[in-house]
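Thanks for coming. Please look at the structure as it comes up, and I will go through a few of its contacts.

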Amino acid sequence: MEVLKFDPKLSSKNFKDIIVRAVEILKRGGVLVYPTDTCYGLGTKANSDKAISYLKRFKGRGETKPFSVIVPSLKWIFKRIDNLNKERKEFVLEHLPGPYTFIVKIKPKYCKEIKFVLKDQKLGFRYPDNRFCQLLAEKLGFPFTTTSANISGGSPAYSLSEFKNYLKYRPKSLWPDLFIDVGELNRTKPSKIIDLSVYPFRVLRD
């Protein structure tokens, strides 16, 4: 597993190089661990069936439980949400970027492109308040998965050393390709999950 370090608080000279490397890995169906506005996340391009299957094996996660994604822009996701009204659009705009995951129903004509992360035509999406995540999604131009960097049932990883503890339980063939290390993250709880596909909306995780 390759490890690349940078300090997000500084104007890091290698920031752009790390973005380029991360995009390269995602485009070829690889997997990376990256910082978010909550904990470290596991990411792979949302249309890579092979890589998403890898994530499920790494995490020990049920086959029927889909992964949420980070979207390249709010414009990208608004275009694809089925029956998006003004009230719900404004609600999303009030909360993003930020530590929220919204569950939405996708228009049928857009389901095929992200079918591996959908369940019953529904998608969980994030647009974090994190410069790295935003730029990575923008440069990729396509959603990538966002799930806590841990084994299912374990605590989210907030540092490289915490994530390495999980690697002890997995063969090297399942290790991610790249860990983007920005040091220890603030111990913020995972994103709040709100289901906007139903009316009234439901809070699934507070």
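Arginine 131 lies over the face of phenylalanine 15, 4.2 Å from the ring centre. A charge counts as over a ring if NZ of Lys or CZ of Arg is within 6 Å of the ring centre and within 35 degrees of the ring normal. Lysine 45 sits over the face of phenylalanine 142 as well, at 5.4 Å from the ring centre.

This is a predicted model: local features need pLDDT of at least 70, side-chain atom pairs count only at pLDDT 80 or more, and totals for chains, interfaces and linings use all residues. Residues are numbered from 1 along each chain as its sequence is written, and side-chain values use heavy atoms, with hydrogens and water left out.

Next, helix H5, residues 131-140. Helices (H or I, at least four residues) and strands (E, at least two) are DSSP runs, numbered from the N terminus. After H5 comes glycine 141, with a positive phi near 75°.

Last, the aromatic pairs: rings of Phe, Tyr and Trp (its six-membered ring) with centres within 6.5 Å, stacked if the planes are under 30 degrees apart, edge-to-face if over 60, and tilted for the rest. The whole structure has 13. Tyrosine 34 and phenylalanine 144 are edge-to-face, 5.2 Å centre to centre with 85° between the planes. Tyrosine 34 is in strand S2 and phenylalanine 144 in strand S7, 110 residues apart.

Key: Buried means under 20% relative accessible area, exposed over 50%, partly exposed in between (1.4 Å probe, protein chains only).
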